[in-house]
Amino acid sequence: MAPPAQSHRSPSPSQPSGKGEVSDLKTQLRQLAGSRAPGTDDTKRELFKKVISYMTIGIDVSSVFSEMVMCSATSDIVLKKMCYLYVGNYAKHNPDLALLTINFLQRDCKDEDPMIRGLALRSLCSLGVANLVEYLVGPLGNGLKDGNSYVRMVAAVGVLKLYHLSASTCLDADFPPLLKQLMLKDKDAQVVANCLTSLQEIWSLEASTSEEAARERETLLSKPVVYYFLNRMKEFSEWAQCIVLELVSKYVPVDSEEIFDIMNLLEDRLHHANGAVVLATIKVFLHMTLSMTDVHQQVYERIKAPLLTLVSSGSPEQSYAVLSHLHLLVMRAPYIFSSDYKHFYCQYNEPFYVKKLKLDMLTAVANESNTYEIVTELCEYVANVDIPMARESIRAVGKIALQQYDVNAIVDRLLQFLEMEKEHVTAETLVLVKDLLRKYPQWSHDCIAVVGNISSKNVQEPKAKAALIWMLGEYAQDMQDSPYILEGLVENWDEENSAEVRLHLLTAVMKCFLRRAPETQKALGDALAAGVADFHQDVHDRALLYYRLLKYDVSVAERIVNPPKQAVSVFADTQSSEMKDRIFDEFNSLSVVYQKPSYMFTDKEHRGPFAFSEELGSLSIGTEPSDGAVAAQRVEANDKDLLLGTSEKEESHGYGNNGSAYNAPSYDASTTAGASQGHFDLVSIDQPSTLHPPSSFAIDDLLGLGMPAAPSSAPPALLLNAKATIDPNAFQQKWRQLPVSLSQETSIDPQGVAGMTNPQALPQHMQGHSINCIASGGQAPNFKFFFFAQKAEGSSAYLVECVINSSSCKVQLKIKTDDQATSQAFSELFQSALSKFGST
Amino acid sequence: MISQFFVLSQRGDNIVFRDYRRDVQKGSAEIFFRKVKFWKDDGKEEAPPVFNLDGVNYFHVKRIARAIKDYLGVLSEESMRKNFVLVYELLDEVIDFGYVQTTSTEVLKSYVFNEPIVVDAARLPTLGPAALFMQGNKRMPGTAVTKSVVANDPGGRKREEIFVDIIEKISVTFSSSGYVLTSEIDGTIQMKSYLTGNPEIRLALNDDLHIGRGSVPSFGYSGSSGTGAVILDDCNFHESVHMDNFDIDRTLSLVPPDGEFPVMNYRITQEFKPPFTINTLIEEAGSLKAEVILKIRAEFPSSITANTILIEMPLPTYTTRVNFDLERGIVGQNADFKESQKKLEWNIKKIVGGSEHTLRAKLTFSQELHGNITKEAGPVSLTFTIPMYNPSRLQVKYLQIAKKGKTTNPYRWVRYVTQANSYVARI
């Protein structure tokens, strides 16, 4: 293995092509190959370095292969190592060279020098050429029996590499039992550790198909094996200790005595300077004592100090990792940490990701005795010039208020925030005041007095605006100006971009009307009219619903829109306890840092909604990747999780709410396809003939000649703007705003599918039809494209999401447009263009 | 398990790239770079050291950086580029098929054969191991030893020496009335040994050192000082440290491995005397003007001098102009108004113990003051370095090197330094 040639980045023109230099090198190397003169090795080293540095920057130096090998017939380890680095790079993609390489390495596996034997064996196993695995068996077998521990150490990992290349070869050669023997008797601790890691990986992967492997995996957790490892604990390197401790954490002791023995034995690991060792030890302690409540609590007390020391002694990166674990423990048992709250105060210069965790912990540990001090501290952060920090701090104050009985003082503080007259502070506080009122309606009087003074012009953020509007509607009775403020907001309906705000506005005006009809009548009329005309489906529907309700019976409307409300006692937790327990089970892993169980970020199947948005992050944009301007857009798009990213993500958090994360249908891998399937059924019943409308073939032929879309005799002929452009951001915004106008399934020519090996082929083809690709990505068999087209006259735009399954040749289309009338015509145009792909 | 390891330059090109398991899609380094560089739209939030993108987890790896630094002496883009073959050699021994084999420089020494090309330390600002993650943040300069553990001195012979640094990072928050709200010392005893033959070393610490605050409530500032005892809340030790005699005579014995490593990390919340006190006064002077008076006083003995003191204070966002009035006759200080960040910066090169300095700043605003100006400005934060001073009074009383029949006496360097971690005075 070696630094890859960076094939994904074409060398810039300023870089030397290297041709001349490479042939120079070749000649020089050849001259040196047979030389025995003193100092030859030094000269060779310089040349080797040059070769490798060319290789690293992506210049092809495979032509000097035989010279390199010839020159490496030496005992100089430095030269050998460089040569191994070199051959490893070319063997995989160059079968001719691979065989040569294997010969060369096999010879070195028998060298006198154990260092060379080891290095050669490692390089041999790392070549990764699947059809040459039989050459590995012999050297590996010898390596495992080698007298030198370095060679055995390399061989132990080599077996695992072989397994990944060809599981059957590895198992047929009986390597796992050999590894097990070695693991239980080798004098060298690193050999033992490597045997353990290899066996764990092999048996875990085999366990699903082989009962024997499953049994073997169990024996790793048997008492004799675990005790064997525990007794040799101090011989292991710190990293090997982590692996052993992880194994021990899965061991189930028979009685409490055994538990105490193990804990006493490992006690001193808690004072290790390596945080990984400490966390692994803590995991053992926590998991073993789960069923012993008292002892478990003592463990918490015991690990507190070491954890706090790790948080403050390392770099911010280590701090963050350890703090995430501390965070998990604090969330599980806040009362144990309630007197340590000062440790969670934020320091001025900490990175935001650390501060955010600390704020969470401060909120969790707040109780009657420390709330005053914690809230005082938080208020200091609110005044901070750091805006994200101020926002988070306000949220923290709000959360504390929601979980305390005595919120008196906190409400006062919150209201003081509103008087600070900083826009972000006001916005954040409004959202919280709304939540507080839902839980403590008794505070409405104080709050309303203050909220009433806020000019709605100073509130721009949608969430805050929605909160303010909600209060205006809910407390219309008590707020003198409520109808007039609402009226003003309705007048600006067209300038309001957020659908959420418009929805709230509709409801608030309704509520206000039901209480103060004469004053609100005009506003209501305007709001309903604007709402019914709104292009957003939900806003439109709600306005219509209200209109019909009022027409039907005002008292029914009253009961539906404005029923007596009960105070909310508990706001839904963002994560189910099952989820939290899973994370706890995976203590000392990434799950804790991400605050979600591992299946949510490792298992492709389960990533469902994530996969959708995250996939998009990796889509490449545009049709001409070499173009500088496009590259810049690509960066930006990736960064913003292009299209739907944020909204989809927020929804996905919601899966934790009902605890049904595992069987929620939307976790299905085919989410995106499935969603449009539903629409498709509806559409296709209505218009079964649209899939391949014969009339479109006429257009097709014209388009096939590479001309811009031309009108045919068919009446709904649609002319596209050949030079339509949109930047990805605008596309993203539009895609979010518009409803799906058409969702269809179609198929693609298998020949076209064959052409998809080149990711640029389809975008280029579609461009010929005046349909531009905005983003594309995916891996076989699923590809996803976003296209954009514009009507030749006027500014109507068409946005298309196109999911192609290359194995079934099925295509899912979602079309959005602001010109509903022509969506069908565009769909036909699009499909005919698509059907031409591959047949030209 | 580690699939790939890469080091990128500030511009995003690969300096070093190693694929261990071939299970990650191509272009991961580029994806990583973009993600970090453009973490949030506004670039205000920085990327956390670990994140997941498309099912690939990206980590910041610390220990490998340390091992590489031990070899190269200086960790910088230049040193990495010049020594890339050595770096690859190290990487091959540190990780095999994604599993960490060893990060101990001592162990690596027997496997690694390339010799480092030493880069002049002064020429380049070091590319901290976390450069990408820590844009703009100041880092500890470490032990200031920039010598490779394997490279020989120009004379050809290795100099026998050992460095022991007691580094304390202090965090103090003062309330607006000048009381200490919270304080903490995060200390470390850092060692870097260039001794041949790995002799055993004994480090003696204060006789009255206690570990664990026992029944003393945390953050209790009720007269526990003055007794002279140094009480550590907690500490941890390097693997090589033996504590057999610790309970009897407070000595640690160890055979130091090669390379730089922390002998001991400790944490103290016991009350200590903050090295600086800060006094801030803001007076409104008419509707569009105000005056800020900053006073800083060094509360340590006059035999000690603090270096590179920087005092920062955010000013109201509507501040347009600031006129400074510096004390006369003092060299090496300057004050500046950073318009883009609306921040006042006051640099002082050196402050001698016991002295006091004052800065007057006249602010001009673009809009009339409303409400309380103290809510719009501050807090005042300080960074500084104080050599040969440590507020915890933890000491290395002696450093004994077991002799192995040689007459040459190795050089022993025991150095103390205190740095501000988060030193903040609210106003």
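Guide: M264(B), in β15(B), is the bridge partner of F237(B). This is a predicted model, in which local features need pLDDT of at least 70 and side-chain atom pairs count only at pLDDT 80 or more, whereas totals for chains, interfaces and linings use all residues. Residues are numbered from 1 along each chain as its sequence is written, chains are lettered from A and ligands numbered from 1 in the order in which they are written, and side-chain values use heavy atoms, with hydrogens and water left out.

F237(B) belongs to strand β12 (residues 234-237) of chain B. Strands (E, at least two residues) and helices (H or I, at least four) are DSSP runs, numbered from the N terminus. β12(B) runs antiparallel to strand β15 (residues 259-268) of chain B, and four bridges join them. Two strands pair if DSSP finds at least two bridges between them. Strands of a sheet pair through backbone hydrogen bonds, either parallel or antiparallel.

β12(B) is covered on both faces: D234(B) and N236(B) on one side, and C235(B) and F237(B) on the other, are all buried. Here, buried means under 20% relative accessible area, exposed means over 50%, and partly exposed lies in between (1.4 Å probe, protein chains only).

The sheet that holds this pair is open and has nine strands, in the order β12-β15-β8-β7-β25-β23-β18-β21-β20 (chain B), with mixed pairing. β12 and β20 (333-338) of chain B stand at the edges; each has a single partner strand, so one side of each is left without a neighbour in the sheet. From one strand to the next, the twist averages 15 degrees. Within this order, β7 (residues 161-174) and β25 (residues 411-425) of chain B pair in the parallel sense over 14 bridges. S171(B) stands opposite S422(B) in β25(B).

A further open sheet of chain B has four strands, in the order β13-β14-β9-β24, and its pairing is antiparallel. Its edges are β13 (241-242) and β24 (396-401), each with a single partner strand, so one side of each lacks a neighbour in the sheet. β13(B) pairs with strand β14 (residues 251-254) of chain B in the antiparallel sense over two bridges. H242(B) has S253(B) in β14(B) as its bridge partner.

Seven of its 10 residues are buried, so β22(B) is largely enclosed by the rest of the structure. Strand β17 (residues 289-298) of chain B runs antiparallel to β22(B) and is joined to it by nine bridges; the bridge partner of K289(B) in β22(B) is T364(B). Strand β19 (residues 319-326) of chain B also runs antiparallel to β22(B), with seven bridges, and T319(B) stands opposite F365(B) in β22(B).

Chain A may be set beside these strands. It has 42 helices and six strands, and buried residues make up 55% of its 840 residues. Among its contacts between residues at least 6 apart in sequence, 66% join residues at least 24 apart; contact means heavy atoms within 4.5 Å.

Two packed helices are described by the angle between their axes and the distance between the axes. Helices α15 (residues 256-266) and α16 (residues 275-288) of chain A pack at an angle of about 165 degrees, with their axes 11 Å apart. Axes are lines fitted to C-alpha atoms, for helices over the stretch in contact, and angles run from 0 to 180 degrees between N-to-C directions. α15(A) and α16(A) are therefore roughly antiparallel to each other; angles under 35 degrees count as roughly parallel, over 145 as roughly antiparallel, 65 to 115 as roughly perpendicular and the rest as oblique. I259(A), I262(A), M263(A) and L266(A) in α15(A) meet T281(A), V284(A), F285(A) and M288(A) in α16(A). The residues of this contact divide into seven nonpolar, one polar and no charged. Ala, Val, Leu, Ile, Met, Phe, Trp, Tyr, Cys and Pro count as nonpolar, Asp, Glu, Lys and Arg as charged, and the others, Gly among them, as polar.
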